[in-house]
Amino acid sequence: MYRYDEFDHSFVQARVAELRDQVERRMAGEITEDQFKPLRLMNGVYLQLHAYMLRVAIPYGTLSSRQLRMLAHIARTYDKGYGHFTTRQNIQYNWPALADIPAILDDLASVEMHAIQTSGNCIRNVTADHFAGAAADEVADPRPYAEILRQWSSVHPEFSYLPRKFKIAVTGSTRDRAAIQVHDIGLHLKKDAAGALGFAVYVGGGQGRTPMIAKKIRDFLPEADLLAYCTAILRVYNLNGRRDNKYKARIKILVHETGAEELTRQVESEFAHLRDTELKLPAADIRAIQAYFAPPALIARPEGDEIVRLARLDSKGFAEWVDQNVTTHRHPDHAAVTISLKGIGEVPGDATDSQMEAIADLAERYGFDEIRVSHEQNLILPHVARADLKAVYDGLVAIGLATANSNLITDIIACPGLDYCALANARSIPVAQDIARRFASLERQREIGELKLKISGCINACGHHHVGHIGILGVEKKGAELYQITLGGSGDENTSIGEIVGRGFPPEELTDAIEMIVDTYLALRLDASERFIDAYRRLGAAPFKEALYAREAKAA
Amino acid sequence: MKVLTANRLIDGEVVWYGAAEAWIETIDTARLARDKASEEALQNVGKAALAANLVVDVELIDVELVGGRIVPTRLRERIRAAGPTNHLHHGKQARPDFVPVA
């Protein structure tokens, strides 16, 4: 993985020193909250309902064991013994004292981490496929390009005060696991007919109060032009994006109001001026960054097949976990493991300090020292020999993280919601917990099959409800929580925005409504191979509306 | 009926302005404003405390009395007064002397 050079170290240390001074001056009363707030936000320090919140950047979701241990140390020393992994592949601490933030940032800097640009109207943490470098269906590892974008966008003087925040996602596979079409810029790394690497470029996707699917404005951008083209996009946005209305300031609105064709023309025109400047990436520089992401030296472990076969016979739990949480690796003797942070009744995305340490140990022992955070709020061990899967499974059972529910209905994305978040209108976590308990039976979950359920506690859509096969949006109505259900959303290569199915449900009726939707699907699907999303696309909303609302329609 | 709430600057702890004219960590003995004049008085206390860098995010919130105890009208403020509903061992509700409103 990427290692800081001297410049990176001194830059991050200087930023910590700067914030330490700002915090001291704030606590001494030398600067006001109005002066301090933008400074703390530039370093990921928010104020939530109960306390400050620190959001730490995990570039493209990649961690070493040493870094994960430090995240555990911070949770234990400065917080309440846990951290919350987010849909942006970051981690949030919910209870740090302002006075402790500089010490936390010192600890992070010691393992080459920081919280810079995790807030504010700048380019945020660049996200990537959590199976990058491991997936069997990958053209090339997208993370070197994410790292190049990270270096380019860190305190970029021209793009530090954009009209609004800006999020970039990169995938190296046709099967999109990074939801690139709901990002401000989505990059799909691919090869042209001659075998050269480049990107399909998508612009103007996003969720929030105005969900939009990104428009593809380039089918193939040579890798050397990545920074010149992204600069062109950002420049057009920075110049023309709306600053008069926060809710219309994202690039998706500019793309929508300008039209994709005209916007493409503007970007290409800007790009024409930039493509042969110092922004052109020399091949040697790209290869130098790629070297940091060189795949681990995987050796043949052909005994794995037999070990897995025997272990499956021996343990039903292991067999179910392999079926659900183990993903095909490009190397036949290896696999990528999804560690579900969605235990039944647990908080989606939360991990305790001791769980993080145990995962760091497993990664060190069996996983080439690498851990990933997925945007679906799980952790991944990307390179595990199949011969070691049983040992990893046993290790996860010991810490309560062997739930075999990856991609099933209880693998729920949920934002922190009104239990923590100052922006939320309704709770998300208890809703996720209640639904997970209702569908706790793994047998039933597997019968239902792949089903992405996503919950947001407000219109900002941190819980990605717009792209949930079943999405839930919490709102406040007459002082009480009410939940709207959307159906048919999807955040993959066939991205779609879910449609509101009808009137919302109070919390005590919501899980029944979800169950009604699932039962309707089960009754109408062609066979078990037709996933919920495919059945919805075939059937439309009508049978689900009928199931949910017919009785009251007749009564009225 | 209203009370004045904020987060303490140094650690973000949720506080209310108390009947005894100090910022307190539980809502039970918060000072109640039952009329416009008392609301204004509380607002001035809040402005002064913000200016003195004691607290941030100062707000007057609606409350009612339930069995003689102060209960915020909005769920958001009830959660601030108790702690996250999914983590009953965190926040004010984890304190040994915390008594939930029945």
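A search of the whole structure, a predicted model, turns up six cavities of 30 Å³ or more. The largest cavity holds about 100 Å³ of space. Its lining brings together five nonpolar, five polar and two charged residues.

An unreviewed UniProt entry annotates residues 119-273 and 410-549 of chain A as "domain: Nitrite/sulphite reductase 4Fe-4S". In the model, the span 119-273 of chain A is 31% helix and 18% strand, with its end C-alpha atoms 31 Å apart. For residues 410-549 of chain A, the figures are 36% helix and 17% strand, and the end C-alpha atoms lie 24 Å apart.

Turning to the sheet, five strands of chain A form an open arrangement in the order β1-β2-β5-β4-β13, with antiparallel pairing. Strands β1 (45-47) and β13 (350-352) of chain A are the edges, each pairing on one side only. From one strand to the next, the twist averages 30 degrees. In general, the strands of a sheet pair through backbone hydrogen bonds. Here, β4 (residues 82-85) of chain A runs antiparallel to β13(A) and is joined to it by three bridges, and Tyr82(A) stands opposite Thr352(A) in β13(A).

Two helices accompany these strands. Helix α3 (residues 65-78) of chain A lies across β4 and β5 (91-93) of chain A, at about 15 degrees to β5(A). Helix α12 (residues 353-366) of chain A also packs on the sheet, where it touches β4, β5 and β13 of chain A; the direction of α12 makes about 85 degrees with that of β13(A).

Methods: Residues numbered from 1 in each chain as written. Chains lettered and ligands numbered in written order. Predicted model: local features only at pLDDT ≥ 70, side-chain atom pairs only at ≥ 80, totals over all residues. Heavy atoms only, no water. 1 Å grid on protein atoms, 1.4 Å probe; cavity = no way out; pocket = protein on both sides within 12 Å on 5 of 7 lines; lining within 4 Å. Points joined across faces, edges and corners; volume = space filled by probe spheres on them. Nonpolar A, V, L, I, M, F, W, Y, C, P; charged D, E, K, R; others polar. UniProt positions renumbered as here; feature names shortened; annotations may be inferred. Helix = DSSP H or I, 4+ residues; strand = E, 2+ residues; numbered from the N terminus. Pairing = 2+ DSSP bridges. Axes fitted to C-alpha atoms, helices over the stretch in contact; angles between N-to-C directions. Contact = heavy atoms within 4.5 Å.
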